[in-house]
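Here is a short report on one protein chain. Keep the sequence and the structure open while you read.

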Amino acid sequence: MEIERKFTIKKLPDNLSSYPSHHIEQAYLNVNPVVRVRKQDEEYYLTYKGKGLLAREEYNLPLNKESYYHMRKKCDGNIISKRRYLIPIDGSSLTIELDIFDAPHAPLIIAEVEFSSEEEAKSFLPPEWLGEDVTYDHRYHNSNLI
C-alpha cells in the first residue's frame, strides 16, 4: 500500500546538492489502472498502482535493462524525466522526495512524503518551505503528466 501526500514548494531547501538524489525516468503503459516502467539510476521496475489519491495499492517488480527499454517503446505520451532529492525531516523518520522535472515538464517541482498509515498522513504538518497540498489534484499525478 502506498500512502503519500503531494505538495508544491515555496522555495528550494538550502544546500539541495548535499542531499542524496536519483535520476528517474518513467513511462506509462496504461493510466487506469496505472502500469508504468521506471529506470532509477541503473535499477529498473514495472509498477502497478490501483485507484486512489492519498492511499492505493502499489506493486513493484524488478526488470532488467533490456525489458525496460523494450516496454518503454510501447508506452504512451511523454517520458517523464526528473531528479529526485531525498530530504530527511528533522525529528522524524519521514523523508521528503523532492522531484525536479526535466523538459517538457520543467520548471515543475513537486514534493512527496510517504507514510506508514493514513492517520499519520492526515496528521502530518509539513515544513514551512512546502507549499500547497495537491494530493487530491489529479494534475500533479505523474500518470496525468504524460
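Which residues does E4 touch, not counting residues up to four places away in sequence? They are L53, L54, E112, V113, E114, F115 and T135. The model behind this answer is predicted.

**Overall fold**

The protein has 3 helices and 10 strands. Along the sequence they follow the pattern β-β-β-β-β-β-α-β-β-β-α-β-α. The radius of gyration is 15 Å, close to the 15 Å that the globule rule gives for 146 residues, so the protein is as compact as a globular protein of that length. The C-alpha trace spans about 40 × 30 × 25 Å along its principal axes.

Of the 146 residues, 43% count as buried. Among contacts with a separation of 6 or more, 59% come from residues 24 or more positions apart. The protein exposes about 8100 Å², and carbon and sulfur atoms supply 50% of that area. Charge comes next. There are 19 positive and 24 negative side chains, and the centres of the two sets lie 6 Å apart.

E4 sits in strand β1, which covers residues 2-9. Is E4 buried or exposed? Its relative accessibility is 4%, so E4 counts as buried, because the cut-off for buried is under 20%. E4 and A121 are 117 residues apart in sequence, yet their C-alpha atoms are 6.9 Å apart in space.

R5 also belongs to strand β1. R5 has 12% relative accessibility and counts as buried. A polar atom of the R5 side chain lies 2.7 Å from the backbone oxygen of A121. Leaving out residues up to four places away in sequence, R5 touches L54, A111, E112, V113, F115, A121, K122, F124, D133 and T135.

**Strand β4: T47**

T47 is in strand β4, residues 43-49. T47 is buried, with a relative accessible area of 1%. What joins the side chains of T47 and N60? A polar contact of 2.4 Å does. Beyond its neighbours within four places in sequence, T47 is in contact with V34, V35, R36, E58, Y59 and N60.

**Backbone features**

Most residues other than glycine have a negative phi, and most peptide bonds are trans. The items below depart from those patterns.

| Feature | Value | Location |
|---|---|---|
| A103 to P104, cis peptide bond | omega near 5° | P104: loop between β8 (95-101) and β9 (109-114) |
| A106 to P107, cis peptide bond | omega near 15° | P107: loop between β8 and β9 |

Where do the two prolines lie? P104 is in the loop between β8 and β9, and P107 is found in the loop between β8 and β9 as well. The peptide bond from A103 to P104 is cis, and so is the bond from A106 to P107.

N15 is exposed, with a relative accessible area of 59%.

Key
Residues numbered from 1 in each chain as written. Predicted model: local features only at pLDDT ≥ 70, side-chain atom pairs only at ≥ 80, totals over all residues. Heavy atoms only, no water. Helix = DSSP H or I, 4+ residues; strand = E, 2+ residues; numbered from the N terminus. Rg over C-alpha atoms; globule rule 2.2 N^0.38 Å. Buried < 20%, exposed > 50% of the residue type's maximum accessible area, 1.4 Å probe, protein only. Contact = heavy atoms within 4.5 Å. Areas by Shrake-Rupley, 256 points an atom, 1.4 Å probe, with all protein chains shown as cover. Lys, Arg positive; Asp, Glu negative; His and termini not counted. Charge placed at Lys NZ, Arg CZ, Asp CG, Glu CD. Polar contact = N/O pair within 3.5 Å; in protein donor to acceptor, adjacent residues only side chain to side chain.
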